[in-house]
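Welcome! Here is a short tour for anyone meeting this structure for the first time. Have a look at the sequence and the model, and then read on.

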Amino acid sequence: MSLKVILVEHTPNPEVLIAKAAKLCYSSVGIEEMNESMDSEKTLKFINNLMAMGHESPVEHVSFTFAIEGVSRTLTHQLVRHRIASYSQQSQRYVKLNQFEYVIPPEIERDEYAKEIFVKAMEADQTAYDKLTAHLTAKYIDEGMVTSAAEKKSIEDARYVFPNACETKIIATMNVRTLLHFFKQRCCNRAQWEIRELAFQMLKLVKHVSPTIFKYGGPSCLIGDCPEGKMTCGHIAAVREKYSQL
Ligand SMILES: Cc1cc2nc3c(=O)[nH]c(=O)nc-3n(C[C@H](O)[C@H](O)[C@H](O)COP(=O)(O)OP(=O)(O)OC[C@H]3O[C@@H](n4cnc5c(N)ncnc54)[C@H](O)[C@@H]3O)c2cc1C
């Protein structure tokens, strides 16, 4: 199963809203004047000034919501470390996985021997899950539980055998400030391949909606020095090329 991300919703007129917030900050206007419609030239000017000053709080008024599937629990564990965001993830507690889907890392996919070991491990996990579910369900029914409750209770514990590779689905909402921070960290070559690909796809989606806001969206090195020091990937020119063409 491969990574899929769609932009579900976003704050309407994101660039205009941010420009209005900036206008209130930097002009002697009241809220009525702030709310007057702005032409695209003024909108662009306010947003560019904000970004140049690094004044980030006005961009918090705009949020984007993504639906993500075909990713591993390894990825979502990394994703939810970004605390200034909201998440809803498909539950393994309530959804019985008759044949769980999993993500195979590309390096393993390309290597026949490694892939064989990997797939066998996945199959063993599914077998253990099925056996545990059947055993526990029968036991709980014997103890007097109705079948639906017994099955629900059994999968709560049987799911512990599932691996990090297990495919999952998640909805994530981030405001623009969080997104810019997320792109700095996760578009970087030092981020793991899976979350880096997700960040790249998310950036493409938001840049399509708000090209001015996300003009400099991408890894830290896109407009500044690499913050990774000795751990730098050493490919700054190629990274800048990739993101400037987005
Ligand atoms: C390449 C890479 C390697 C990583 N390796 C590891 C690792 O080995 N182990 C590990 O545990 N994590 C690791 N991480 C995760 C990393 O430490 C962060 O947890 C994750 O990137 C989220 O970043 P954040 O906290 O800045 O984001 P958010 O949680 O979205 O927070 C955004 C910003 O809000 C502020 N903030 C949020 N909460 C607090 C708070 N409680 N107190 C003060 N300020 C706050 C901070 O300024 C923060 O930068 C790695 C991340 C990357 C990109």
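## Around the ligand

By class, the shell around the ligand holds 1 nonpolar, 3 polar and 4 charged residues. In this sorting, Ala, Val, Leu, Ile, Met, Phe, Trp, Tyr, Cys and Pro count as nonpolar, Asp, Glu, Lys and Arg as charged, and the others, Gly among them, as polar. The shell is made up of R81, H82, R83, I84, H181, Q185, R186 and R190, where a residue is near a molecule if one of its heavy atoms lies within 4 Å of it.

Before going further, a word on the model: it is predicted, local features need pLDDT of at least 70, side-chain atom pairs count only at pLDDT 80 or more, and totals for chains, interfaces and linings use all residues. Residues are numbered from 1 along each chain as its sequence is written, and side-chain values use heavy atoms, with hydrogens and water left out.

R186 takes part through its side chain, with a polar atom 3.3 Å from an oxygen of the ligand. Of the 950 Å² of accessible area that the ligand has on its own, the protein covers 47% (areas from the Shrake-Rupley method with a 1.4 Å probe).

## Helix α6

Helix α6 covers residues 112–142; helices here are DSSP runs of H or I with at least four residues, strands are runs of E with at least two, and both are numbered from the N terminus. The 31 residues of α6 reach 45 Å from the first C-alpha to the last, close to the 45 Å expected at 1.5 Å a residue. That expected span is 1.5 Å times one less than the number of residues.

At the N-terminal end, D111 caps α6, with a side-chain oxygen 3.1 Å from the backbone nitrogen of Y113. Just after the helix, G144 takes a positive phi of about 110 degrees. Among the buried residues of α6 are F118, M122, Y129, L136 and Y140 (buried means under 20% relative accessible area, exposed over 50%, partly exposed in between, with a 1.4 Å probe and protein chains only). Their cover includes α5 (106–109) and α7 (147–158).

N13 sits in the loop between β1 (4–10) and α1 (14–26). Is N13 buried or exposed? N13 counts as exposed because its relative accessibility is 55%. Although N13 is not a glycine, its phi is positive, at about 45 degrees. Most residues other than glycine have a negative phi.

In α1, the buried residues include P14, I18, A19 and A22. Elements covering the buried part of α1 include β1, α2 (31–34), α3 (40–53), α8 and α9 (193–209).

L179 belongs to helix α8 (residues 176–186) and counts as buried because its relative accessibility is 0%. Leaving aside neighbours within four places in sequence, L179 is in contact (heavy atoms within 4.5 Å) with F64, F66, M174, M202, V206 and F214. The C-alpha atoms of L179 and E60 are 9.7 Å apart, although 119 residues separate the two along the chain.

S72 lies in strand β2 (residues 63–72), and its 4% relative accessibility makes it buried. Not counting residues up to four places away in sequence, S72 touches V103, N164, A165, C166, T168 and E194.

Technical notes: Polar contact = N/O pair within 3.5 Å; in protein donor to acceptor, adjacent residues only side chain to side chain.
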